[in-house]
Structures are given as structure tokens and as C-alpha cells.
Amino acid sequence: LQDQGRLDEAANAYREATRLKLNYPKAHFNLATVFGEQGRLDDAAASYAEALRLDPGMVEAHNNLAKVKKFSSEDSDQIAEFEALLRRIKDDKDKQLVLHFVLGKIYDDCRNYDKAFAHYEKANALKHRLVDFDEQRHVHYVSSLLDTYTPELFQRHRGHGSNSELPIFIVGTPRSGTTLIEQVLAAHPRVHGAGELKFIGEHVQSLPRRMGRSVAYPQCAKALTPELISELAKAYLEHLRGRCGDSKVLRVTDKMPINFYHIGLIAVLFPRARIIHCRRDPLDACLSMYFQSFTEGYHYSYDFADLGAFYRQYRRLMDHWCRVLPGRLIEIDYEDIVNHQEVVSRKLVDACGLEWDDACLRFYEHNRPVRTGSNWQVRQPLYKTSVKRWKHYEKYVGPLKNALGYQEG
């Protein structure tokens with residue numbers, strides 16, 4: 001039920017589980033995750049606290065509780081409990097990893113940036129040992145995209161694909177403001193926010209098999225046919241309509257950030273679809289990724305050198321899309337929407353072919369499910385503390401600046 005977005009029914013099922021089996025921390029934990037997705041953050045915190053009362057060593061509950069609560073110096077007793085738990089699990093590196101991320105976030109909330117970075121650095125060192133980012137393989141993949149999606153390919157497929165304007169693709173690096181942009185649009189009564197859909201990525205994975213070719217993606221896309229393009233577009237639209245289930249909806253957002261890799265395929269499938277590119281200060285974006293423990297993927301986020309390598313290729317690819325698809329991208333800077341909310345929101349809504357609605361300015365009141373690490377932030381009115389956040393950590397980001405190719409002065 002939770003995976004299907006039927007959150008009220010899911011909450012009732014978890015409540016029944018707690019009734020049928022007393023002292024069942026996992027059920028309280030799962031109930032808390034539903035509350036978090038619904039934006040009921042106080043209820044989520046209470047359910048996480050109950051899970052921890054039953055199982056004080058449940059680090060996942062500590063992790064999620066830290067995400068739905070803003071800590072301050074008044075929480076010194078609770079912070080001391082986190083530190084004590086970290087000492088008790090000194091032989092369990094996986095649990096240590098989680099708690100270092102938790103304490104990093106807590107000390108960042110409390111503006112103790114030295115302690116925060118010390119914990120984030122330890123957390124990332126522990127996580128980095130578990131993942132593998134191959135820079136050369138990544139460079140090769142981006143080069144293959146540039147070689148495949150040329151002006152000639154787009155000209156060859158002009159008039160193919162679907163003319164539907166239903167999809168809105170919101171792309172960018174992780175932590176670049178994609179959830180915020182989706183929340184602004186989803187507050188509009190004619191827009192459904194579908195969240196991070198994996199469908200385009202699954203299309204990409206399936207292309208060689210569908211085409212009966214041994215050539216991998218993206219090279220196989222050079223042989224796309226009008227019939228397959230139509231088939232792929234139709235399947236995606238059916239998926240979107242199944243997600244929204246409302247005939248009044250004119251647009252459905254897909255805010256999978258890493259669809260920026262797939263803008264070429266998206267442009268072929270949907271020549272009239274809006275593609276919103278979320279941009280953010282590179283240091284803020286990369287540091288925010290470094291401070292986040294992702295559940296899957298994003299293996300470049302746990303090391304400054306890897307982050308720099310990833311980001312340089314992201315910029316290389318986005319520059320390519322702008323050259324070969326002039327005028328197709330709606331570029332929104334995170335800093336602009338924070339500083340000029342109404343002006344940028346109106347521009348965004350207009351660019352999506354919609355009439356303005358004041359609900360878009362009160363996006364934080366919208367109760368749609370949000371399943372990303374930003375679910376706490378998008379339940380608040382816009383705040384400016386995330387702009388130039390990296391300056392709090394200026395003494396530590398020298399290696400990141402080098403990796404990004406910053407030229408001092």
C-alpha cells in the first residue's frame with residue numbers, strides 16, 4: 001500500500017500490526033515513514049521515538065528521526081544519547097556509518113560546523129569503502145552520449161515520437177532543488193507530482209534487448225526506429241496516466257534527477273514535453289550530496305575527488321544538450337527561486353503552459369507524498385540558509401574546489 005502511494009491505508013495497516021503484536025519496533029518505524037511522506041512530521045517523530053523506546057539500537061530510526069526534526073542546543077540530552085550509542089557500537093562499522101551521518105546533520109542544525117564536518121568526513125570514509133565509482137567508465141559513457149545524440153539524429157527523428165505535453169521532466173544533480181521545483185508545480189491543481197520515476201531509466205536498460213542488438217546503450221540508440229519510438233512513448237504515457245488517475249490533470253512531473261543523462265532520448269520520445277533543468281551553486285550541490293547517505297546509487301557522492309569528476313562530466317553533458325537542443329531546456333537556478341520566489345514560480349508555471357495559481361506560492365501546504373531526502377525541507381516555506389551553505393565549511397572544501405576546477409582569484 002505504501003509503495004502504491006495509498007498512504008492512509010498503509011498507516012492503518014501498520015497501526016493494526018502494532019495492535020496485533022505489542023512491542024514491535026519495526027511497525028512503529030514503518031508507520032513513521034508513512035507520516036514522513038505525508039508531511040506529518042510531528043507524528044513521524046513520535047513514532048520514531050516509540051520505535052527507539054522499544055529498540056534503542058535501531059540506527060535507521062535514529063537516522064530518520066534526525067531528518068524530520070530540527071535540532072538545537074536545547075536537545076543536548078538527546079545528542080548525548082546519540083554520542084553514547086556511537087561509542088557502544090564501535091565494532092559495528094555499518095551502524096557507525098549511519099550514526100556519523102546523523103550526528104553530522106545534528107551538529108549542522110546546531111551550527112557547530114567543525115563537529116558536523118568531522119562526523120560527515122568519518123561517515124563518508126566508511127561509506128566510500130562500500131561503493132565503487134569508476135571515473136574513466138563514467139567519462140566514456142558521457143562521451144558515448146555526446147557521440148550518439150547529434151543534431152543529425154534529432155533531425156532524422158523530427159516528427160516522430162508523441163506530441164503529448166503531459167510529461168514534465170525535472171532534472172539536475174541530486175540535491176539541486178528538483179524536489180522543491182516539483183513541489184511548486186504539484187501545488188497547481190492541474191499538475192500531479194509523480195516523484196522520482198524509474199521508467200525512463202528502465203527504457204534505457206531495455207533498449208538493446210528490445211532492438212535485438214548486442215550493442216549497448218547509448219550506441220544502440222543510433223538505430224532507433226519510428227515504430228519503437230512510438231511504442232516507448234506510449235508505454236511511458238500509460239504509466240504516467242496510471243500514476244495520476246485524474247482526468248483534470250494536464251501535466252505530470254517526473255523528477256528523477258539523473259534523467260539528465262537521458263535528455264536525448266526524452267527529446268526524441270516527447271518533442272513537446274517540458275524539460276526543467278535545476279541548477280545550483282556547484283559547491284553547495286556537491287557538499288549537500290556529500291552530507292547525504294543515499295539508499296542506492298550515487299557512488300560518486302562520498303569522496304571530494306569523485307564528486308568533482310562527476311560534476312565536470314555533468315556540466316559537459318548539459319552543455320551538449322543546450323547546443324544540440326537549443327531552447328528545449330527550462331533552466332531554473334535554486335538561488336533565484338529562493339530569492340525571488342513569486343517571479344521565478346510564475347515564470348516556471350508559464351513555461352509549462354499553465355495558468356497561474358496562487359497555490360504554487362504555498363507549496364509547503366500541499367499534502368502530496370514526498371519520498372526523497374528533502375521531504376522535511378519542502379514542508380517549510382522557502383528559507384535562504386541553504387544558499388552559500390558551503391561557506392560554513394570553507395576551511396574544509398579546498399579539495400572539493402580543486403576537484404571542481406575552481407580557479408582562486
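Predicted model: local features only at pLDDT ≥ 70, side-chain atom pairs only at ≥ 80, totals over all residues.
**Stop 1: the strands**

Stay on this pair and pick out isoleucine 276. Its bridge partner in β5 is isoleucine 330. Look for isoleucine 168, and you'll find arginine 274 of β4 standing opposite.

Is β4 enclosed or open? Color residues 274-279 and check them one by one: five of the six residues are buried, so the strand is largely enclosed by the rest of the structure. While you have strands on screen, here's a handy thing to know: in a regular strand, side chains alternate between the two faces of the sheet.

**Stop 2: leucine 185**

Next, select helix α10 (residues 178-186) and find leucine 185 in it. Leucine 185 has a relative accessible area of 0%. Buried means under 20%, so leucine 185 counts as buried.

What does leucine 185 touch, beyond residues up to four places away in sequence? Show Ile168, Ile170, Val191, Thr253, Ile276, Leu348, Val349 and Cys352, and you have the set.

Draw a line from the C-alpha of leucine 185 to the C-alpha of leucine 354: the two are 169 residues apart in sequence and 9.9 Å apart in space.

**Stop 3**

Zoom in on isoleucine 263. Setting aside neighbours within four places in sequence, isoleucine 263 is in contact with Val171, Ile275, Met318, Trp321, Leu325 and Leu329.

**Stop 4**

Rolling a probe the size of a water molecule over the atoms shows where empty space is left. The second largest pocket has a volume of about 310 Å³. To find it, select Phe154, Arg158, Ala267, Pro271 and Leu325, the closest to its centre of the 15 residues in the lining.

Which elements give two or more residues to this lining? They are α9 (151-156) and α13 (263-269), and α9 gives the most, with three residues. Color the lining by residue type and you'll see eight nonpolar, five polar and two charged.

**Stop 4: two buried loop residues**

Move to the loop between β1 and α10 and select threonine 173. Is threonine 173 buried or exposed? Its relative accessibility is 2%, so it counts as buried. Leaving out neighbours within four places in sequence, threonine 173 is in contact with Pro257, Ala285, Met289, Phe310, Tyr311 and Tyr314.

Then jump to tyrosine 302, in the loop between α14 (282-290) and α15. Tyrosine 302 counts as buried, at 3% relative accessibility. Its contacts beyond four places in sequence include Phe101, Asn124, His128, Val131, Tyr290 and Phe294. For another distance, go from the C-alpha of tyrosine 302 to that of valine 344: they are 42 residues apart along the chain and separated by 32 Å.

**Stop 6**

Last stop: look at some angles. Select tyrosine 217 and proline 218, which are joined by a cis peptide bond with omega about 10°. Proline 218 is in the loop between α11 (199-211) and α12 (226-244).

Now go to asparagine 23, in the loop between α1 (7-20) and α2 (25-38). Asparagine 23 has a positive phi of about 55°, although it is not a glycine. With a relative accessible area of 59%, asparagine 23 is exposed.

Finish with arginine 111, in the loop between α6 (93-109) and α7 (113-128). Arginine 111 has a positive phi too, near 65°, and is likewise not a glycine. Is arginine 111 buried or exposed? At 65% relative accessibility, arginine 111 counts as exposed.

Key: Residues numbered from 1 in each chain as written. Heavy atoms only, no water. Buried < 20%, exposed > 50% of the residue type's maximum accessible area, 1.4 Å probe, protein only. Helix = DSSP H or I, 4+ residues; strand = E, 2+ residues; numbered from the N terminus. Pairing = 2+ DSSP bridges. Contact = heavy atoms within 4.5 Å. 1 Å grid on protein atoms, 1.4 Å probe; cavity = no way out; pocket = protein on both sides within 12 Å on 5 of 7 lines; lining within 4 Å. Points joined across faces, edges and corners; volume = space filled by probe spheres on them. Nonpolar A, V, L, I, M, F, W, Y, C, P; charged D, E, K, R; others polar.
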